[in-house]
Amino acid sequence: MSERLRSIAANAVLAGASLIMVLPFLWMAMASMAPQGEIFSGAIFLKPSLQAAWGNYAFAFSRAPLLRYMANGVIVCVAIIVCQVAIAAPAGYALAKLPFRGRPVVFAAIVLGLMIPIQVPAIPLYIGLAYAGLLDTYTGLVLPFIISGFAIFLFRQFFTSFPDDVIDAARLDGFSELSIVRRLMLPAAWPAVAAFAVFSFVANWNDLYWPLVVITRPEMMTPPLGLAAFRASGDSAGNVGALMAGGIVITLPLVIVFSTIQKQFIRGMAAPAAPAPAAPAPASQASASPAPSSR
Amino acid sequence: MTTPASPRLKAQRRAGLLLTAPAIVALVLLVLLPSSAVIILSLTDYQLGNTQAAFVGFANYRTIAADPDFRHSVRNTLVFVGLVVPGSIIPGLLFALLIEGRTRFKSVYRTAFFLPVTATLVAMSTAWEVLLHPTFGLVNTLLFAAGADKLRFLSNPGIALYAIAGIGIWKQIGFNVVLFLAGLSTIPRELYEAASLDGAEGGWRRYLLVTGPALAPVMLFVTIITTIRAFSEFDTVAVLTDGGPVHSTSVVLFVLYEEAFRYLKIGTGSAIAVMFLMFIALLSLVQTRLAGRARHV
Amino acid sequence: MPPSSIEIDAISKRFGRHQALNAMSLAVRAGEFMSILGPSGCGKSTLLRLIAGLDDPDSGEIRVAGQPGKRPGKRRLGDRGVAFVFQTYALYPNLSGYDNIAAPLVMRELNGFERLPGARLLPAVARKRRSIDSRVRAIAELLQVAPWLTRKPGQLSGGQRQRIALGRALVREPSLFLLDEPFANLDAALRHQTRAELTALQKRLGTTTLFVTHDQSEAMAMSDRVAVMFEGAIRQVATPDELYRNPVDLDVARFLSQPHLNCLPAKVILDGHVLIGGEHVALADARQPGTEGIVGFRPEHATLRPRPASATVPGTLPGVVERIEHAGADVFVFVRLLAPDTTCTIRAASHEMSRWAPGTPCAVALDAASGWFFPRRPMQTAALGRTEVAAA
């Protein structure tokens with residue numbers, strides 16, 4: 001087979017596969033702008049109409065508090081990221097640079113914690129939150145995720161390559177260990193922070209399991225839970241266009257934003273699999289962890 | 001060293017403990033303690049709202065082991081894993097290799113495969129539901145046009161699980177392509193040049209000589225994470241089929257959710273959670289072992 | 001802060017199996033510029049870190065300004081008046097040049113609340129900020145780094161970074177100024193210029209300064225006194241002139257005579273006379289007849305004389321010119337001695353070059369007043385370990 005033919009064949013295969021990858025999204029977009037009859041006709045290409053689009057989106061927004069879901073999603077995701085970074089950055093620094101007693105034990109505990117998915121401690125956490133009266137609250141949504149072993153690994157890996165001289169200089173200049181983390185390490189680790197933030201945001205925005213467990217009030221629902229509720233409610237029954245409109249509304253911002261910053265996201269996601277060669281020791285430990293669960 | 005700790009060292013040790021304290025406290029309170037508690041709960045007859053509980057030994061485990069619904073869900077989960085793991089890894093690797101070999105449209109393909117990674121699965125599941133609709137779904141339109149019968153993908157107990165697995169593969173292929181691409185980009189070009197000097201001209205021989213071995217750690221990582229993710233399948237089932245029809249798509253995590261949070265059967269729910277934990281721990285152990293060996297080869 | 005004196009009393013420090021410092025002692029006067037000179041790995045950087053309080057000695061004591069130094073647990077490192085310039089400069093990569101210089105003042109003079117950006121609105125904080133600003137500007141002016149204050153370290157050249165690092169160290173008017181090979185990463189021209197500037201600056205500020213280097217010319221050019229260090233211990237502390245003229249042992253002599261020191265095995269036969277390879281040679285430094293050791297002399301401490309092809313000139317060492325090397329105004333003539341079988345390097349004026357073509361027989365006449373005699377020690381441990389000592 002000639003080089004040219006082979007290239008054409010490869011492109012054909014990839015184009016077909018790519019089409020399947022984006023198909024649900026494309027179709028969702030088309031259906032959200034198409035009239036009901038067009039959708040039910042079974043046509044491959046749906047003719048969009050401005051009127052139908054308006055009708056579908058208006059219906060979705062009026063029957064489901066989509067904006068409220070989105071706001072909840074942003075609040076929860078941002079709160080989780082802030083807590084995760086605030087807890088993981090000092091710990092990553094201590095594990096990378098401070099020779100304290102019990103460091104191996106702490107490290108082992110974090111490896112252990114990293115392996116445990118949310119479904120395992122969910123029952124006792126649920127009972128605890130129920131007794132504390134925190135079901136149906138932001139706290140209940142955020143709390144289980146504030147500790148991220150993955151973040152600690154990532155930061156530890158980044159901080160290990162930070163020059164010791166600069167840390168010594170900072171100590172002589174009167175920095176406390178915490179201000180070293182806040183004023184020097186975190187700004188220097190900005191790429192790692194960004195990569196992790198993006199990764200964490202996607203994981204928590206899309207999570208269905210935990211919101212389903214702790215949330216029952218519609219005004220506290222996160223986007224996936226809200227959409228699932230909208231789908232299950234009688235309101236969307238038969239109104240496929242409106243359901244698709246709701247799906248587009250909660251998915252599109254994320255897809256647009258994260259497709260444009262793919263590189264950062266992939267760096268965060270692939271960090272445990274393809275470690276930076278500069279820091280072999282922590283990288284190898286990171287690769288021994290099952291990683292990207294959102295914790 | 002046996003020299004007594006100097007003030008400097010003491011100060012650093014104190015700072016080390018202080019800076020890790022929030023992480024340790026959160027880890028213990030939110031992960032380790034509840035995970036231990038779930039083991040204890042699985043051995044009791046605790047009910048939500050009760051202040052007391054009796055130790056019942058392995059009664060909860062015996063109950064779920066005898067429960068046909070649970071056994072069914074284990075079987076479903078294994079089928080799902082058995083479909084999704086090879087179904088997403090082999091094409092994922094193939095697509096990644098094809099994309100890596102392109103000079104044009106590379107970023108277009110990459111973006112296409114990246115889409116399912118970030119898109120909210122709940123939303124995408126509802127889109128698939130419409131695409132798979134028995135009368136007007138696009139997939140059935142195409143089947144019909146090809147001369148085949150239309151299928152009731154999500155309401156036929158015989159094929160619903162395969163339809164759910166298809167959505168799972170769709171979701172996971174993108175993820176795996178992205179990871180394989182990241183791994184491929186770290187292979188130095190010189191390795192390929194050396195390989196072609198050594199006479200490994202063909203794509204397949206090049207793969208065996210260079211790509212395969214260099215990609216082995218990524219392959220291991222992808223396999224483990226795909227297995228864990230497949231085993232953790234929940235969203236699509238919860239949104240689209242609610243475990244049905246007639247339990248045909250009920251997977252382990254869905255049963256766990258129903259037992260613990262819908263029927264509030266804390267004891268049996270905890271027992272399922274413990275078994276889930278043990279499976280995940282086993283996978284992690286395998287990965288750590290294999291990863292350790294891969295590093296030493 | 002007034003300049004500190006330092007007393008170092010028998011400190012030892014071990015890293016695993018490597019004894020970095022071996023019961024070493026040293027006294028530095030207040031206001032003095034002292035260089036710590038030694039080959040790499042001799043423990044001089046370790047010493048500096050111990051004085052700064054970045055590490056603790058295994059045993060022994062360091063007193064700064066006459067007070068016991070074992071108190072870093074009670075006081076934070078930054079509260080001691082010690083400034084440190086690292087070989088790598090150790091600038092804060094995310095802060096501008098200005099913020100780098102201001103950092104020690106901001107961290108010490110403002111509390112956590114006052115450091116918040118908005119706190120500037122409070123008059124008290126604004127006053128403190130203005131005071132910090134004026135001192136940062138003054139130092140920047142002094143070091144001529146004002147144009148680069150807005151840039152981050154990554155956007156600065158090596159020399160500019162070096163000045164920012166100096167500024168950061170000097171801005172808080174330390175009582176003790178520690179520099180660890182601060183010029184090692186500069187090119188030669190810049191190194192000479194900065195050397196002169198730093199000396200002038202130190203004279204003006206009068207801050208006690210400890211300057212670690214492995215470059216003897218740097219140490220000689222800048223210091224009031226030089227402490228020469230080998231294998232974790234101080235061998236000699238002296239003014240540059242004294243050190244140059246009277247090195248205490250062969251290691252020191254060789255280290256201070258780079259690139260060339262001639263070393264010949266010898267034996268004292270009379271006070272003021274040694275026997276080298278069968279020739280009697282006058283040498284004022286030779287004492288205690290019967291002692292064996294090494295005669296050391298610099299290329300400029302001997303002259304070359306002509307010699308008949310198969311004869312010797314009494315009181316000189318016979319040899320044959322091996323090759324000639326240009327060194328600007330002078331030339332170095334490498335002479336193969338007949339006995340002992342070794343090569344000597346002798347300095348000659350360049351116009352004499354034509355006289356000493358390779359193969360020419362010649363005689364090396366030592367300057368009796370300038371050469372040294374180093375008695376062989378029972379356990380000679382030459383740090384630069386060549387073979388002369390073993391041969392002797």
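Buried area is the accessible area, taken with a 1.4 Å probe, that two parts lose on being put together, summed over both. In this predicted model, the area buried between chain A and chain C is about 1700 Å², and carbon and sulfur atoms give 60% of that area. The contact involves 16 residues of chain A and 21 residues of chain C. Between these two chains there are 3 salt bridges, together with 8 residue pairs in polar contact, both residues of each pair being at pLDDT 80 or more. On the side of chain A that touches chain C, the elements that give two or more residues are helix H9 (164-172) and helix H10 (177-188) of chain A, and the largest share, 7 residues, comes from H9(A). Divided by class, this side of chain A has 8 nonpolar, 3 polar and 5 charged residues.

Between chain B and chain A, about 8100 Å² is buried, with 77% of it on carbon and sulfur atoms. Here 88 residues of chain B are in contact with 95 residues of chain A. The count between these chains is 1 salt bridge, in which the side chains of Glu129(B) and Arg231(A) meet at 2.6 Å, N to O, and there are 9 residue pairs in polar contact, both residues being at pLDDT 80 or more. Helix H1 (residues 7-41) of chain B gives the most to the side of chain B that touches chain A, contributing 20 residues. The residues on this side of chain B comprise 64 nonpolar, 18 polar and 6 charged.

Within chain B, helix H7 (residues 160-184) has 25 residues and reaches 36 Å from its first C-alpha to its last, close to the 36 Å expected at 1.5 Å a residue. Of the 25 residues of H7(B), 22 are buried, so this helix is largely enclosed by the rest of the structure.

The side chains of Glu61(C) and Arg63(C) meet in a salt bridge at 2.6 Å, N to O; Glu61(C) counts as partly exposed at 26% relative accessibility, whereas Arg63(C) is buried, with a relative accessible area of 19%. Arg163(C) forms a salt bridge with Glu197(C), the closest N and O atoms being 2.7 Å apart. Because Arg163(C) lies in helix H4 (residues 158-170) of chain C and Glu197(C) in helix H5 (residues 188-205) of chain C, this pair ties together parts that are 34 residues apart in sequence. Arg163(C) counts as buried at 10% relative accessibility, while Glu197(C), at 29%, counts as partly exposed.

Conventions: Residues numbered from 1 in each chain as written. Chains lettered and ligands numbered in written order. Predicted model: local features only at pLDDT ≥ 70, side-chain atom pairs only at ≥ 80, totals over all residues. Heavy atoms only, no water. Helix = DSSP H or I, 4+ residues; strand = E, 2+ residues; numbered from the N terminus. Expected span 1.5 Å × (residues − 1). Buried < 20%, exposed > 50% of the residue type's maximum accessible area, 1.4 Å probe, protein only. Contact = heavy atoms within 4.5 Å. Salt bridge = Lys/Arg side-chain N within 4 Å of Asp/Glu carboxyl O. Polar contact = N/O pair within 3.5 Å; in protein donor to acceptor, adjacent residues only side chain to side chain. Nonpolar A, V, L, I, M, F, W, Y, C, P; charged D, E, K, R; others polar.
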